[in-house]
Every structure is written in structure tokens, then in C-alpha cells.
Amino acid sequence: RQQAQQQLADYVQHAALVGSAQSGQAGVVSQKEALKRIRRDLAIVFGLHDVGFLLADDDAQRLTGAADEGSPPSLSEITIALRESFSLAAQALREQQPQCTLDLTDKDPVSILDQQLRNLFAAEGMLFLPLAAAGRPVGVVAAGVSRQTWPLLAPQRALLSLFAQQISRYLDNVRQACSAQSRQLDEQREMQRLEVRKSVHEANNPLAVINNYLHVLTLKLGKDNPASEEITIIKEEIARVGDILARMRDVDLPEQPEEGALSLNRTIKELFKLFEGSLFKSHHIKAELDLDDDVPMLTTGAGAIKQVVMNLVKNAVEAMLEGGTLRVSTRDKIHKNGVLYVELQICDDGPGLPEQVLSTLFKPVASTKKNHSGLGLTIVKNLLDRLSAEISCSSSATSGTRFQILLPRTVERIDAD
């Protein structure tokens, strides 16, 4: 009876230790955070500080080292076949019993894999705790032990096994929760992609109607009519909107730098001709162009630069509530850190930007303007980043706002006939 009572007392004590170590771990956490907590608990309960994890794959065919914080850097390169391997790590999981290399005799030498693990942990011996939940292999805890500490741990095999059962269930729950969360996110992304494709399809219909009416209008006016040229510019912009919508539809595709020759001065002139009769006149804006005739044809994205100029000009016009002057200039051969650029400047004499706006200028923020998302300058920065271009801004209440853009001077080569 005394022996049974002592065994029961030991079990209760062990369960209390394990329960206290694993308390407060409810809720969805990442696998990395779960391993960090298990590592902490092993140090608290058993004094094991050199710990790593070998996790089973989905098919329970092999163990692979986890690249988590606190593990030896090369542990992630270790792979152990569960069924065929002579490693004690695989044996511990097959037999569901803790195994230690220090228990081996000369007749049972340490396997090469276990020697590698021992060297990785710079330990005299390796302790392997099997992790399995509901009959499913979860993994193995690998811990470095010394010849002095193992004799103190060996009598606690029952506690080690109880602890392993507890953390097996915890780690399995975490992995299942993370997997379910990943599936849910995939489903949400798929629904979003479907909605985007529907919206793109619906937006293309009115664009096609507008384009057809513009074509009919061009035929009525005749090719020699000055307005035909402006209609051609509008049609080009509608086509560019279609390209942007197409990229939205293919949201899974990586962003590719836009190719195609750019005549920077001509692009600016065309846009200003488009703005003159609408944006500038209605806002009482005086537009000035100072374009360097030496600016060459560039091998950068014409569509992206159009979008950049349109965003910056529109922002400048909307900032000058009582009218003002907008000046756009270009300069060739700007030297910076040994690299040649073409400069584009967009300046206005408006009220300037507040300090809090300047501090987060190219980040998505809530706009103070009605019906705006605050994404305009973020889009500008992203477009220029894709072109390996640079943008800077200076602004004050007395001098207005100036945007400087440096475009890589990648000149289009024209082969001689």
C-alpha cells in the first residue's frame, strides 16, 4: 500500500509540474512560438537548455530539423528516415520511449546521425523524447546532455514521458490550428481574386463602349481635325486603364518592370494638352513647361511614367485651392554617385505639405481629401521602385512643393540602316 501511495504521489507531483509548465498556452500561436515555449518549459522542469526539434512530415516518413530560434544553425539540414534509420531519434519515435546515447554500450555504438547531432549540440550525449498525438508521429525533442546531468535525469523517465505526451498534444494542436488558419486564408484570397476578376470584367464593358464612341467621333471629325489628336491621347489612356485592370485580374503574377521606349518630353506635352482644357482651366492653374531638348529616348516604362506624372500633377492642382502656378521641367545628364540620370521636376507654389504628412509621404495613410484613399504617392513610389528610379520631395509654406524624380539614363539604341 505504501508503495502504491508513493507511486500515486509521484504521478500527481509530475502531473502538477507538467501542468504548471504548460499553463497559459491556449490560443492560436505560430509553430515557432510554440517551440519557443516548449524550449522554455524543458529548461524550467528538467534544466535542459541545449534543445532542438526534429519534426515529422505530413506522411510520417521522415524527421527534419526545425530552423527555430535557439537550435543549432545546421539542424535544419538534418533529415532522418523514420523506418530505416538506426538513429536513436527514429527509434525513440518508433518505440515511444525516451532514448539517450549515453545509455549505449560498446556493443551498440552511436549511429553516424546521432554523432552528427551530438557534434551540432557540442554535447557529450543526446537525449531524444518522442512526440506523438493520437497515434500520429509529431516529432522528436533532441537535447544535449552531459555525463553528470544524465544520471540525475535517467530516474525521471516517467516524468519525461508524461511531459512528452503533454507537449505532443500541444504541438499537434498548434500545427492543426496553423494549418486550418492557412486554409482559411487561402480560401479568403481565392474569394478576393474572384471578386477582383468580376470587377475587372464589369469595368472593361464601359471602357469598351467609351472607346467605340471615341472611334466613331474621330471618323465624324476627320483625321485633319485638331481635336482628333486629343481623342487619340484619350484612347491611349483608356487602353492603359485596360492594362492596369488586366494586371489587377492576374494578381497572382509577380510584378514585372514595364518595358518600352519613353519619350519623356513628348509624354509630358501630351498629358498637359489633355489637362489644359479640363484640370488646369477649371482650377485656375497656370502651367509652365521647361523641357530639355537633349533628353534622349529612354528604355523605361512609358505607362508607369504617365501614371506618376498624372498622380503628382493632380495632387498639386488639388492642393492649390485658389489657383497658382505648376511648373514641370526635365534635365538630361544628372550625375549622382557616379551614375547618370534624367531629372524630372514637378513644382507648385501652393501652401506646402504639413510636417506630419511629409513624415509618412510615401506610405498608405488616410487622406484628408474627400473621396481619396491616400494611396496616390504610395503608388508613385512603387512604380518608380520598379523602374529603379528615385524620388524626393521638399515642401514649405513659402516656396510650395517640389518633387524631384531621377530616372536611370538607359538610352534606347537605334540601329543604323
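**Briefing on the predicted model**

Alanine 261 lies in the loop that runs between helix 7 (226–249) and helix 8. The model is predicted. With a relative accessible area of 35%, alanine 261 is partly exposed.

**Nonpolar cores**

- The largest nonpolar core comprises 37 residues, and those with the most contacts inside it are Phe280, Leu312, Val313, Leu326, Leu384 and Leu407.
- At least two residues of this core come from each of several elements, including helix 8 (264–282), helix 9 (302–319), strand 8 (324–336) and strand 11 (400–408).
- Helix 9 gives the most to this core, namely eight residues.
- Leaving aside residues up to four places away in sequence, valine 313 touches Phe272, Phe275, Leu279, Phe280 and Leu326.
- A second, separate core has 31 residues, among them Leu55, Leu131, Ala133 and Trp150.

**Helix 4**

- In helix 4 (residues 112–121), the buried residues are Asp114, Leu117 and Phe121.
- Viewed down the axis of helix 4, these buried residues fall within an arc of 60° and so line one face of the helix.
- The face turned away from the buried side carries the exposed residues Ile112 and Asn119.
- The buried residues of helix 4 are covered by elements that include strand 1 (51–56), helix 3 (88–95) and strand 5 (125–133).
- Alanine 122 follows helix 4 and has a positive phi, near 50°.

**Salt bridges**

- The model contains 14 salt bridges.
- Arginine 37 and glutamate 33 form one of them through their side chains, at 3.3 Å from N to O. The two residues are four apart in helix 2 (residues 31–46), and are therefore separated by about one helical turn. Arginine 37 is buried, at 17% relative accessible area, whereas glutamate 33 is partly exposed, at 30%.
- Arginine 136 pairs with aspartate 172, their closest N and O atoms being 2.3 Å apart. Arginine 136 belongs to strand 6 and aspartate 172 to helix 6 (residues 157–221), so this pair ties together parts that are 36 residues apart in sequence. Aspartate 172 is buried, at 10% relative accessibility.
- Arginine 327 forms a salt bridge with aspartate 290, with the closest N and O atoms 2.9 Å apart. This pair links strand 8 to strand 7 (residues 285–290), across 37 residues of the chain.
- Asp290, Arg327 and Arg331 are joined in a network of salt bridges.

Conventions: Residues numbered from 1 in each chain as written. Predicted model: local features only at pLDDT ≥ 70, side-chain atom pairs only at ≥ 80, totals over all residues. Heavy atoms only, no water. Core = buried A, V, L, I, M, F, W, Y, C linked by side-chain atoms within 4.5 Å. Buried < 20%, exposed > 50% of the residue type's maximum accessible area, 1.4 Å probe, protein only. Contact = heavy atoms within 4.5 Å. Arc of directions from axis to C-beta. Salt bridge = Lys/Arg side-chain N within 4 Å of Asp/Glu carboxyl O.
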